[in-house]
Amino acid sequence: MNAPLEAHTPMMQQYLRIKAQHPDILMLYRMGDFYELFYDDAERAAALLDITLTARGASAGAPVKMAGVPVHSVEQYLAKLVRLGESVAICEQIGDPSTAKGPVERKVTRIVTPGTLTDSALLDEKADSVLLAVARDRASVGLAWLTLASGELRVAEFAPQALGNELRRIAPAEILVADAGPALDGVDEATLTRLPEWHFDVARGTQKLLETLGAASLAGYGCEDLPLALGACGALLEYARTTQGQALAHVTAVRAERAGDYLRLDAATRRNLELTETLRGEPAPTLFALLDRCATGMGSRLLRHWLHHPLRDRAALAGRHDAVERLSPAVEPLQAALRGFADVERITARVALKSARPRDLSALRDSLAQLDGLRAVLPAAEDGLLAALAQDLACPIECHALLVRALRPEPAALVREGGVMADGYDPQLDELRALQSNAGAFLIELESRERARSGIANLKVAYNQVHGYYIEVGRASADRVPEDYRRRQTLKNAERYVTPELKAFEDKALSANERALALERRLYEALLEQLLPEVPVLQRIARALAQTDVLTAFAAVALAGNYCRPEFSDDIRIDIEAGRHPVVEAHIESFIANEARLSPARRLLLVTGPNMGGKSTYMRQVALIVLMVHVGAFVPARRARIGPVDQIFTRIGAADDLAGGRPTFMVEMTESANILHNATESSLVLMDEVGRGTSTFDGLELAWAITRHLVEKNRALTLFATHYFELTQLALDYREVANVHLDAVEHKDSIVFLHAVEEGPASQSYGLQVAALAGVPRGVVREARRTLERLEQASLEQGGQPDLFAGAASAAREPATEADPLRDALAQVNPDELSPREALELLYRLKKL
């Protein structure tokens, strides 16, 4: 590798020149029926792919390390490399081996990276592969992201502190950043691709975007005021164009996202609500898995997008709800019709990139033929979303006719195999095919004529790969052959001849297959060019199919689960009657429905009750119902009235962030701080057992202060679950705070959870009973019970425990007063020596004073 280029063989010189243009990624170098990797690439690929590393031949006086994969199975190896985060340059033979005097001409025709996948074999059918670029300055961050498999391009600008949440929402497979830029917190370095700083230039980015869109101005796209995003967009488009080796014809629009477009969900909320993956990182059971009754991959991907991008536009949401309601009677025929469609969205992208294969086009042809059948079962509508969808699902007659005329009913998988273009599409191709298919008939007819002409009864016409076509005559009849016979081969008992007529046929027949394949390849490339103007129409059809699929899935789930259509309210409120957790309900036999009422007069619900009693499930179901309303679905409830909601925050559960160096309590406080800084009176906040990660008194004090801040400052609609019974006093101090609990009853030595939400605080935590259910040894539980009894008795003998916060809460609202018996009693108690239980008992004693 370190030898001068001139010291290598001509082929290795060619390889090294091309490899020098892609030094940091693997390069698959086409050699006949294999893609080969050499030197360091070979060692790396052998380890990653578990393929054989060999050393063959010599170049520059040293053996050449190499490893290879067959051309016919390269997709599976590419898929594995992409999953490992690798990028791969594909170097193809573009010259004709038969005419090449040196190494066959080669060049890199495409670069496969995690964010620029378009091949169906490399893509997850139900998830998008997103390429994202980041540009930043001190004040803001600009993002541009592209789904190359669909051509959807978006841009946005955010405050720097929001970058982590946005990356979690978009979930890019590959991120482009400036090589001199700072690291991205929480982002795996393997997903980053670093580019020179000048790639992110704003003026250059604006020009690149205008060229891609074929527009003179960005005013109509609403993104001209996003300079950082435009700089990121320029880097993104140039990178995508380079990897594909051509223009991005299917990128026909750009959408600017604004902060108020969507219901905001931070990273913790997306994780805690288990929208598309469980807390363990598994795909089910999740809300996506429950709702995904889509018949197509297009629908599943759009559903995933909607779940992570819940709308705040009530008119658009009402349109979706109307459509779900109207689609309900036609769910079965609609889903039956939708199952017959191929992935029109991704096929269209491959058409635009000129990488579509023959069976992509035949699938597109067959899908277009089914559009009229789908429209026939789509419920009629004069206006609204369904009317728009019906209009977009109209079959493009000329495009469909072209595909029918051009392609065979069942074309070959690859153009190089032949048998792709339809008979009758091109006269020259028909003639070349006739030469191949009619060769047998011609030879039989020639043999008959020559027997008659020569009078040799045993004369025969045949073919072999060495000598081609020939006429064979027995040695005894050799003196009777006509004068125009020319000897081709002499055998022991026969002579083989060729005639001018047979030689002319041989020249045509032997080259007909090769010429037919070359012509078919040219015709196929021309067909792709003819389809390019149809790309915008095909994209519109794909979007309409995806929306129809998702809305039909919503209708199917609503029918199966007895969901209701939600209602919108202009005032701030969440009113849910007989609500259920959609995912939990689907996995148990009987689910206890519960109501949830939040409003300006009832802003915070303190939720108490035993562990395993259903507090977390209850809180999550409220959040999921609100989220489902904002994606356009019906909801699992008897009735749901939802007012304006701008954000959903959750602080549920906790685990150490070992990679980030943050213990459980630090994670808990970080998430709580985010809520306290950002929640508004239109936000929905879920907080579960805040303060449990530290000492009892520290945790109780923090929980008390956080609750008061939510009530007094944020004024958000809040569900606050706790085991600190002292907090239930807040309902006495604030009119907008209410206590609710999930009850349980003891039966002998066991406990029965009722899962029903009742007004008022819980009477006890049932911690020992839950410990017994969890399998804690009986001896341990008995010892704990005896210790509890001793502590309770000691508390009574000491006169109970005072209220830790009543004085502080009163002082916050009223001026100090003179000493009284209540103050005297408090003065006699040391709060640091009391347990939470003792503090609660003291509260009731002091209340009697």
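L606 stands opposite N739 in β26, and strand β21 (residues 604–608) pairs with strand β26 (residues 737–747) in the parallel sense over 5 bridges; two strands are taken to pair if DSSP finds at least two bridges between them. This is a predicted model, in which local features need pLDDT of at least 70 and side-chain atom pairs count only at pLDDT 80 or more, whereas totals for chains, interfaces and linings use all residues. Residues are numbered from 1 along each chain as its sequence is written, and side-chain values use heavy atoms, with hydrogens and water left out. Helices (H or I, at least four residues) and strands (E, at least two) are DSSP runs, numbered from the N terminus.

The strand β26 also pairs with strand β27 (residues 750–759), here in the antiparallel sense and over 7 bridges, with V740 standing opposite E759 in β27. The table sets out the strand pairings of this report.

| Strand pair | Sense | Bridges |
|---|---|---|
| β21 and β26 | parallel | 5 bridges |
| β26 and β27 | antiparallel | 7 bridges |
| β23 and β24 | parallel | 4 bridges |
| β24 and β25 | parallel | 5 bridges |
| β19 and β20 | antiparallel | 4 bridges |

Strand β24 (residues 684–688) has 5 of its 5 residues buried, so it is largely enclosed by the rest of the structure; buried means under 20% relative accessible area, exposed means over 50%, and partly exposed lies in between (1.4 Å probe, protein chains only). L684, L686 and D688 point one way from β24, while V685 and M687 point the other way, and all of them are buried. On the β23 side (residues 647–651), F649 stands opposite V685 in β24, and the bridge partner of M687 in β25 is F720. Strand β24, helix α24 (residues 696–714) and β25 together make a right-handed β-α-β unit, where right-handed means that, with the strands pointing away from the viewer, the path from the first strand over the helix to the second runs clockwise.

Elsewhere, 4 strands form an open sheet of mixed pairing in the order β18-β22-β19-β20. Strands β18 (567–568) and β20 stand at the edges with a single partner strand each, so one side of each is left without a neighbour in the sheet. Which residue of β20 stands opposite I576? That residue is A596, which lies in β20 (residues 594–598) and is buried, with a relative accessible area of 2%. Not counting residues up to four places away in sequence, A596 touches I574, D575, I576, Y618 and V622, where contact means heavy atoms within 4.5 Å. Although A596 and I574 are 22 residues apart along the chain, their C-alpha atoms are separated by 7.1 Å.

Within α18, the residues A439, L443, L446, E447, E450 and S454 are buried. These residues cover an arc of only 105° around the axis, which puts them on the same side of α18, the arc being that of the directions from the helix axis to the C-beta atoms. An α-helix has 3.6 residues a turn, so residues three or four places apart point the same way. On the other side of α18, A441, I444 and A452 are exposed. The cover over the buried residues of α18 includes α17 (427–437), β14 (460–464), β15 (468–474) and α19 (500–531). After α18 comes G455, whose phi is positive, near 75°.

The largest nonpolar core has 112 residues, and those with the most contacts inside it are L287, L361, L545 and F554; such a core is a set of buried Ala, Val, Leu, Ile, Met, Phe, Trp, Tyr and Cys residues joined through side-chain atoms within 4.5 Å. Helix α20 (residues 535–561) supplies the largest share of this core, 15 residues. Leaving aside its neighbours within four places in sequence, L545 is in contact with M298, L338, F341, V344, L371, L374 and L393. Another core, of 33 residues, lies apart from it and has A133, V155, L176 and L230 among its members.

Finally, H199 is found in the loop between β11 (192–195) and α5 (202–213), and at 14% relative accessibility H199 counts as buried. With residues up to four places away in sequence left out, H199 touches R204, G231, G234 and A235.
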